[in-house]
Amino acid sequence: MAIPRQLPNAITIVRILCAPVFLWMLLADGGADGALRWWAAVLFIVAIATDGIDGYLARKHDIVTDLGKLLDPIADKVLTGFAFIGLSILGELPWWITIIVLIREIGITVYRFMVVSDHVLAAAWMGKLKTLAQGLALSFALLPLWTLVGDWIFWVNGGLMTIAVILTIASGIDYIVTEMRAAGAKRRDA
């Protein structure tokens, strides 16, 4: 069955549009552990899960586009960035973690736009692993599971967030090294 050519990109755009709604839901009641917090977490989880869906559809139906390669990582960064910022506003995540993550994410995004006329910088395997780790860590941090299972869940959240931050830094370094090698090879070939 054929799907509309723009469906994967439409899913990506919906993910971007979900981000401010999610942030409003998270902050609306001051981060209380009530219904809005649960709904914000569910919206985040559903939205971040669409990252795999749009990519799968694009590859399966051979409708991968340069726009999709550009928008998909931006959608992830907007959604996860809003989650990091929201958790820091609520005092549940240290600002230094959010700042490190945002510097990496904004830096790679700005670089993507700088080189877009030369080539599209698609997400690398480590960047995809980073997004998965961030999505998992943020999902656990957003869900008020402590109300159900107790405070020990904070240890799990801390471990997942540590892995996510390490992968965020490592994937940023990987992008820089890969691009520097490619630029060097291009100069040698010229």
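How many residues does helix 1 have, and how far does helix 1 reach from its first C-alpha to its last? Helix 1, residues 7-28 of this predicted model, has 22 residues and reaches 31 Å, close to the 32 Å expected at 1.5 Å a residue. Along the way, helix 1 bends by about 25° at C18, and the proline P20 follows within four residues. Just after helix 1, G30 takes a positive phi of about 70°.

Helix 2 has 26 residues, which at 1.5 Å a residue should span 38 Å; its end C-alpha atoms are 37 Å apart, so the two values agree. After helix 2 comes D62, with a positive phi of about 50°.

| Helix | Residues in helix | End-to-end C-alpha distance | Expected span |
|---|---|---|---|
| Helix 1 | 22 residues | 31 Å | 32 Å |

Now for what lies inside. The buried residues of helix 1 include I11, R15, C18, F22 and L26. Among the elements that cover the buried residues of helix 1 are helix 2, helix 3 and helix 5. In helix 2, the buried residues include R37, F44, D51, D54 and L57, and their cover includes helix 1, helix 3, helix 5 and helix 6.

How do helix 1 and helix 3 pack? Their axes are 9 Å apart and meet at an angle of about 5°. Angles under 35 degrees count as roughly parallel, so helix 1 is roughly parallel to helix 3. By class, this contact has 17 nonpolar, four polar and three charged residues.

Methods: Residues are numbered from 1 along each chain as its sequence is written. This is a predicted model: local features need pLDDT of at least 70, side-chain atom pairs count only at pLDDT 80 or more; totals for chains, interfaces and linings use all residues. Side-chain values use heavy atoms; hydrogens and water are left out. Helices (H or I, at least four residues) and strands (E, at least two) are DSSP runs, numbered from the N terminus. The expected span of a helix is 1.5 Å times one less than its number of residues. The bend at a residue is the angle between axes fitted to the seven residues ending there and the seven starting there. Buried means under 20% relative accessible area, exposed over 50%, partly exposed in between (1.4 Å probe, protein chains only). Contact means heavy atoms within 4.5 Å. Axes are lines fitted to C-alpha atoms, for helices over the stretch in contact, and angles run from 0 to 180 degrees between N-to-C directions. Angles under 35 degrees count as roughly parallel, over 145 as roughly antiparallel, 65 to 115 as roughly perpendicular and the rest as oblique. Ala, Val, Leu, Ile, Met, Phe, Trp, Tyr, Cys and Pro count as nonpolar, Asp, Glu, Lys and Arg as charged, and the others, Gly among them, as polar.
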